Structures are given as structure tokens and as C-alpha cells.
Amino acid sequence: EIIKVHDELASQGLRILAMAYRNLPDELEDYRPENIEKNLIFVGMTALQDPPRENVKEAVIECKKAGIRIIMITGDYGLTAAAIAKEIGIVQDDNYKVIKGKELDKLSDNELKELLKTEKSIIFARTIPKHKMRIAKVLEDEEEIVAMTGDGVNDAPALKKADIGVAMGSGTDVAKEAADMVLIDDNFATIVKAVKEGRTIYENIRKFITYIFSHETAEIVPFILMVLLGIPLPITVMQILAIDLGTDTLPALALGRGPPEADVMEKPPRPPHERLLNLPVILRGYLFIGIIEAILVMSGYFWVLHNGGWTLGKPLSFTDPLYLKATTMVFAGIVMAQVGNLLTCQTMRSSVFEIGLFKNRWIIWGILFELIILLSIIYVPQLQPIFGTTPLGFKEWAYLISFIPIVFMADETRKLVFRHFS
């Protein structure tokens, strides 16, 4: 009857304390447990409720969307652990398996590996710290990235063994020292927020790289065409330095401050050995956006020369006003194309309009920064001879401004196609 009532309470997610007593003989002097804790008289049970925090259920759902598997390892009774796991969404319905600590001791490492593979929803109950250590080791042997939580002194080895040890702020100093991260608020949802922040930072670095790589293609192509076609050099070294060390600096940093994309927690974790600079980043930066920018700026270069009466093979002095205007067109063209690139590089897959075109206010400051430098180099008389620039007219600026929507819409179209077929 006692066990029946106990299990009914435990299945509601309650923790139960059983109370009993014994009248000790007056002559007893050896107070060791084995001499005292026997022949006890049962008094009753007290059920305690320790409800999960309100935002834990949402955090568990977000983990599952992000491809993060949650395994409950607890010292609680199996029914209690299962009820809590159901309440917060770690397990669904009755499709789960509960393994007790004594059962775990009987399993070999290979059997435990197979169990972890085949059972997607698993709860380890009535465990002790050494069990956490073993589970972490088995998962790591399968090349899983393991984050382990704990708060006690005995949890320290498991926290140290895991790839990421997460100690509770209310835990022991030993656990905090062994851990890589301490949750000051003891809130599981904070771990999920940290994962989201980490993924956002990682993707922002890739956006930064993509943005920087794109204009390098537009800077290299003019030199290649100079060699192949024998045309006057379309962009000067000083103009390249003005872009690399001037106009592109603040906009690139602005991408590092961008908000997370809408689907950042809706895709599986990246492979552990995947490089920051991978093939998609190179293809998008160098070959896709980069080639578009190169075509645009070279079209502006030849358009200015054609309107000035220049033909292929005709010599052109570096001090000729027509040459200065053509190179200024290339210089300004790269900067204007980078404005469109900056706007579209705010996302890798989703549309920029989903997060807001100017939700990241640093983007606005970045655009203003590069335009001020661009106009200063073109229109300040003292800077013109240094950078080999000359003022441009209304027609040239109308031509250049069209680069912004062309680059922006081209990459937005690429992202649309990618989302449709992936």
C-alpha cells in the first residue's frame, strides 16, 4: 500500500520523503548507521513539489529544433524523473526508456552505446556522479559534443570530462572550478540562450568574411584584364588601400554586431570539423557577389572610356582627365557595390527583410562612414592627387547608385533559390 501511494505521488512529478523512527536503547554507544537504521517504525510520507521554471519548456522545444539532444541524468526516482521530463517536453507520451543506476552498472560500454543510439528518449534515474562521467565518456567516444550540468563536489570529474562543463551558480566551489561555464541563475534556458548567441557570433564572422572577400574579386579582375587586354590599369594601388583600410572597415565590423537570423536555432549543429572558411563562404564571396561586383565596376570603367572617345589599344596617360574619371568610376563603383553587399550580407540564408533591413543600427553608421570617406577622396582637392581621383557628374552617380540594388537583389534571389531547394 505504501509503495502504491508512493508511486502515485511520484508519477505526478513529486519528490517524496519517507519518515520512520526507532526508540534507541539507553545503553547504545555505537551510533553507526548499520546499528541505528534497522527495525524502524514507518510514520508517513511527505511529498514536495519543485516545479520547473516557466521558460524551461520553451527552451527544450528550441533545443530540439536546433538538433540538440537532451538526456536527463538524475538521482530522482524513475517515475518522478519521467513525470518531470514529460512536463517540460524532454520525452513525448510514453515513448521513452528509464534506466536505473543499478541497470546501468550491468551494461557494457558497447551496450550503452547501442542503447544511446537506438533510444532517442532516455532517462537515467537513481544515478550517482560516476554514472554521469561514464555516460559523457561513451557519448564522446561516438564523437558527440557533450555539455554536462552539475552542482556537487562529486560532479566535478563529469564536468571536467565533458566538452562543456556547466555548473550551477548555487553549486559547490569545486564544481564551479571544474566547469567551463557557470549558470548564475541556475536556469537551463540560459544554456539555450548561450547556444543561440554562439551560433549568431559564428555566423556573423562568416558574414564579415563574405563581405571582405567580395570586393577582393572586383580589385583583382582589373589587374587581370590589364594584362590580358592591355588596357590602362582600371584602379590604382592607393584606391585599393582606401577601400581595404578605409571604406570597408566600419561596415565589416557592423556585420559582427548583427542580430540572429530567424532560423539560427532551427538547423542542426555544424559538423565539429567544419572550417570557418568553408566552400559555400568562398563561393558566395569570391565567385558570386565578387564576380557581380567585378562586372559592374568594369562596365562603368569601359562606359566612361567609351563616352570619352577611347578605343581598345589607344594609349592613355595616367594624368589624362578621362583616365582619372574612369579609375574614379571603378573606385566609387566598388564602394557602392559594397553598400548593396553590406545590406544583403546581414543574412546567410533567410531574407534580410525577415530581420529588418536596418534593425542593426551599426549598418547605417557603416554606410555613412564609407560614403563620407568616398566623397572626401573624390571631392577634397588635397586628396585627389594622392588617390588619383576626379569629381564625377550626375550621370556617373546615377550609374553607380544602380549597383546597390543590383548586388542586393542578386544575392536575395540566390538566397530565395537556396531556401526553395534545400
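Which side chains meet in a salt bridge at 3.0 Å, N to O? In this predicted model, the pair consists of K325 and E396. Because K325 lies in helix 14 (residues 321-344) and E396 in helix 18 (residues 394-401), the pair ties together parts of the chain that are 71 residues apart in sequence. The two partners fall into separate classes of accessibility: K325 counts as partly exposed because its relative accessibility is 26%, while E396, with a relative accessible area of 8%, is buried. Helix 14 also contains P321, a residue that counts as exposed because its relative accessibility is 61%. In space, P321 lies 7.7 Å from T390, C-alpha to C-alpha, although 69 residues separate the two in sequence.

The overall form of the protein may be considered next. The protein contains 19 helices and eight strands, and its C-alpha atoms fill a box of roughly 115 × 40 × 30 Å, taken along the principal axes. The radius of gyration of the protein is 32 Å, whereas a compact globule of 422 residues would have a value near 22 Å. Of the 422 residues in the protein, 43% are buried.

As a general point, side chains of opposite charge can pair when their charged atoms come close. When a side-chain nitrogen of Lys or Arg within 4 Å of a carboxyl oxygen of Asp or Glu is taken as the criterion, the count comes to 21 salt bridges. One of these is formed by D76 and R15, whose side chains meet at 2.8 Å, N to O. This pair links distant parts of the chain, since D76 is in the loop between strand 3 and helix 4 (78-88) and R15 is in strand 1 (residues 15-21), 61 residues apart. With a relative accessibility of 15%, D76 counts as buried, whereas R15, at 31%, counts as partly exposed.

A further salt bridge is found between R206 and E274, whose closest N and O atoms are 2.7 Å apart. R206 lies in helix 10 (residues 188-229) and E274 in the loop between helix 12 (249-255) and helix 13, so this contact ties together parts that are 68 residues apart in sequence. R206 is buried, because its relative accessible area is 11%, and E274 counts as partly exposed, because its relative accessibility is 26%.

The strands provide another view of the fold. In general terms, the strands of a sheet pair through backbone hydrogen bonds, either parallel or antiparallel. Three strands of the model form an open sheet in the order 3-5-4, with parallel pairing. The edges of this sheet are strand 3 (72-73) and strand 4 (97-100), each of which pairs on one side only. Between strand 3 and strand 5 (residues 122-125), the parallel pairing extends over two bridges, and M72 has I123, in strand 5, as its bridge partner.

A parallel arrangement is also found for strand 6 (residues 147-150) and strand 7 (residues 164-168), which are joined by four bridges. Within this pairing, the bridge partner of G150 is A167 in strand 7. Together with helix 8 (residues 156-161), strand 6 and strand 7 make a right-handed β-α-β unit.

Note on methods: Residues numbered from 1 in each chain as written. Predicted model: local features only at pLDDT ≥ 70, side-chain atom pairs only at ≥ 80, totals over all residues. Heavy atoms only, no water. Pairing = 2+ DSSP bridges. Right-handed = clockwise from strand over helix to strand, strands pointing away. Rg over C-alpha atoms; globule rule 2.2 N^0.38 Å. Buried < 20%, exposed > 50% of the residue type's maximum accessible area, 1.4 Å probe, protein only.
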